[in-house]
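These are my notebook entries on what I looked up in the structure shown here. I kept each entry to one topic.

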Amino acid sequence: MSEIFKNNISQHITLSEEELAEFYGLFQKKTIKKKQFLLQEGEICKFEGFVIKGLFKTYHIDSEGIEQILNFATENWWITDIDSFTHEKPSQLNIEALEDSEILIISKNDKEFAYQNLPKIEKLFRVMTQKTHVALQRRMIDNLSKTADKRYTDFIEKYPQLYQRLTNVQIAAYLGISHEFVSRIRKKIVNKK
């Protein structure tokens with residue numbers, strides 16, 4: 001069993017070794033190469049995933065062909081298109097590996113099986129969903145109330161290891177600003193030191 005998976009679960013709920021092994025047994029391990037898609041727009045998302053190794057981006061391409069990154073997922077993070085997964089409708093999102101990656105995936109049927117047979121799992125996903133809602137709410141407030149400079153500095157302070165694995169273009173697409181603007185902010189920060 002993946003130690004990183006075990007530790008992630010134990011941060012949210014307490015499972016016996018047997019319950020944890022049964023839950024872990026519902027996942028399939030996948031290896032995804034850099035630039036390979038886990039999900040493409042128009043497909044129905046049939047999984048929730050837990051990243052063991054690597055880095056993914058979840059994004060949408062707007063009507064002008066501009067990439068808008070909703071989130072990144074690195075080791076110890078969960079990833080899915082919750083709208084497509086829950087409602088079994090075509091996704092508006094793409095999930096792409098930015099590095100060679102390993103991910104554990106669970107299907108909707110296996111997740112439902114876990115809900116029925118391992119009642120603590122429903123609490124696990126409820127707690128994680130609440131944390132996701134809080135993070136999204138905070139991000140929306142930040143995008144509406146903070147300057148681009150402040151959003152950038154907050155991002156690098158909050159995710160220093162992630163920041164080092166991303167390009168200016170990727171960070172800009174996440175923050176909703178141009179990559180030229182990110183370059184100017186980085187230059188300004190370096191000049192202050």
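I began with strand E3 (residues 48-53) and found that 2 bridges join E3 to E6, the two running antiparallel. I took helices (H or I, at least four residues) and strands (E, at least two) as DSSP runs numbered from the N terminus, and two strands as paired if DSSP finds at least two bridges between them. I noted Trp-78 in E6 as the bridge partner of Phe-50.

The model is predicted, and I read local features only at pLDDT of at least 70 and side-chain atom pairs at pLDDT 80 or more, while totals for chains, interfaces and linings use all residues. Residues are numbered from 1 along each chain as its sequence is written, and side-chain values use heavy atoms, without hydrogens and water.

I then followed E3 to its other partner, E8, with which E3 pairs in the antiparallel sense over 5 bridges. Here Val-51 stands opposite Ile-103 of E8. Which order do the strands of this open sheet take? I read E1-E8-E3-E6, 4 strands with antiparallel pairing. Strand E1 (28-32) and strand E6 (78-79) are at the edges with a single partner strand each, so one side of each has no neighbour in the sheet.

I checked how far E3 is covered, with buried meaning under 20% relative accessible area, exposed over 50% and partly exposed in between (1.4 Å probe, protein chains only). Of the 6 residues of E3, 5 are buried. Helix H1 (residues 3-10) lies across E3, E6 and strand E8 (101-106), and runs at about 125° to E3. For such angles, axes are lines fitted to C-alpha atoms, for helices over the stretch in contact, and angles run from 0 to 180 degrees between N-to-C directions.

In the segment before H1 I found Ser-2. Ser-2 counts as buried because its relative accessibility is 12%. Neighbours within four places in sequence aside, Ser-2 is in contact (heavy atoms within 4.5 Å) with Tyr-24 and Ile-52.

I turned to the open sheet with the order E2-E7-E4-E5, which has 4 strands and antiparallel pairing. The twist averages 25° from one strand to the next. I found 2 bridges between E2 and strand E7 (residues 94-97), in the antiparallel sense; Leu-39 has Ile-95 of E7 as its bridge partner.

Next came helix H6 (residues 148-158), where the buried residues are Ala-148, Arg-151, Tyr-152, Asp-154, Phe-155 and Ile-156. What do the buried residues of H6 pack against? I listed strand E5 (67-74) and helices H5 (120-145), H7 (160-163), H8 (168-175) and H9 (179-192).

H8 gives the largest share of the lining, 5 residues.
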